[in-house]
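Please look through the sequence and the structure shown below before reading on. The briefing that follows goes topic by topic.

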Amino acid sequence: MDKLKNYDVIFSGLKNGMHTFNFEIDQAFFKLFDTEQEFTNPKISVHISMDKHTTFLELVIKIDGTVDLVCDITAEDFEYSVENQIDILVKFGEEYDDSEEDVITIPAKDHAFNAAQLIYECVSLAIPMKKVSPNVSDEDLEILEKFSPKEPEVEDHESDPRWEALKKLKDKN
């Protein structure tokens, strides 16, 4: 966790109320995580608003910037704008617990909350599953649709009389 220390939101010593934290992230940030990325050349601004209360923290993590993606159709690189937001409630308790979707519990003795994992997730969720370059023409998309597999058409045919007999037995019970 030491390598992610630069992404700590330090709340100890702050008065109750609104506070903001800003980070600029690039490829070096994503190298801190041992996972393969579906994008390259990230240039992302992170804005964290924290509303500090006596017994909990309300965090709003907003990201916006750009990443380079590879088009699924043409295999060409293109720049994609990312924008996303995650709202999290941070409570104080006995030990760290992130089992709830929008609530994280941290030990009451902590003086900072590390937002690196949430920033990583916020960016990852902003990347589309299907990556299509804005340079792909409508003609290319039509050709692709023409040769894409289609759902099989269900034929309306008579049911087998043996099945009808079985259905009658089932309905009697």
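This is a predicted model: local features need pLDDT of at least 70, side-chain atom pairs count only at pLDDT 80 or more; totals for chains, interfaces and linings use all residues.

- An open sheet is built from five strands in the order E2-E3-E4-E5-E6, with mixed pairing; two strands pair if DSSP finds at least two bridges between them.
- Strand E2 (17-25) and strand E6 (103-107) are the edge strands, and each has a single partner strand, so one side of each is left without a neighbour in the sheet.
- On average, neighbouring strands of this sheet are turned by 25° against each other, direction ignored; axes are lines fitted to C-alpha atoms, for helices over the stretch in contact, and angles run from 0 to 180 degrees between N-to-C directions.
- E2 and E3 are antiparallel and pair over nine bridges, and Asn-22 stands opposite His-47 in E3.
- The pairing of E3 with E4 is also antiparallel, over 11 bridges, and Lys-52 has Leu-57 in E4 as its bridge partner.
- Strand E4 (residues 56-70) and strand E5 (residues 77-93) run antiparallel and are joined by 15 bridges, with Glu-58 standing opposite Leu-89 in E5.

**The helices**

- Helix H2 (residues 116-126) packs on the sheet, where it touches E2, strand E3 (40-52), E4, E5 and E6, and its direction makes about 140° with that of E5; contact means heavy atoms within 4.5 Å.
- Helix H4 (residues 161-172) has 12 residues and reaches 17 Å from its first C-alpha to its last, close to the 16 Å expected at 1.5 Å a residue; the expected span is 1.5 Å times one less than the number of residues.
- Of the 12 residues of H4, the number buried is zero, so this helix lies largely in the open; buried means under 20% relative accessible area, exposed over 50%, and partly exposed in between, with a 1.4 Å probe and protein chains only.

**The nonpolar core**

- In soluble globular proteins, nonpolar side chains tend to be buried together.
- Here the largest nonpolar core has 40 residues, and those with the most contacts inside it are Ile-25, Phe-29, Val-46, Ile-48, Phe-113 and Ile-119; such a core is a set of buried Ala, Val, Leu, Ile, Met, Phe, Trp, Tyr and Cys residues joined through side-chain atoms within 4.5 Å.
- Two or more residues of this core come from each of E2, helix H1 (27-31), E3, E4, E5, E6 and H2, and H2 gives the largest share, seven residues.
- When residues up to four places away in sequence are not counted, Ile-119 touches Tyr-7, Phe-23, Ile-25, Phe-29, Val-46, Ile-48 and Ile-61.
- Val-123 is placed in helix H2 and counts as buried at 0% relative accessibility; among the residues that it touches, with the sequence neighbours up to four places away left out, are Ile-25, Phe-30 and Ile-63.

**Aromatic pairs**

- The structure holds eight aromatic pairs; rings of Phe, Tyr and Trp (its six-membered ring) pair if their centres lie within 6.5 Å, and planes under 30 degrees apart count as stacked, over 60 as edge-to-face and the rest as tilted.
- The rings of Tyr-7 and Phe-23 have centres 5.6 Å apart and planes at 50°, so the pair is tilted, and both residues are buried.
- Phe-11 and Phe-92 also form a tilted pair, because their ring centres are 5.5 Å apart and their planes stand at 55°; Phe-11 is buried, with a relative accessible area of 5%, whereas Phe-92 is partly exposed at 25%.

**Positive phi angles**

- Most residues other than glycine have a negative phi.
- Asn-41 in strand E3 has a positive phi of about 50° although it is not a glycine.
- Ala-75, in the loop between E4 and E5, has a positive phi of about 65° and is exposed, with a relative accessible area of 58%.

Key:
Residues are numbered from 1 along each chain as its sequence is written. Side-chain values use heavy atoms; hydrogens and water are left out. Helices (H or I, at least four residues) and strands (E, at least two) are DSSP runs, numbered from the N terminus.
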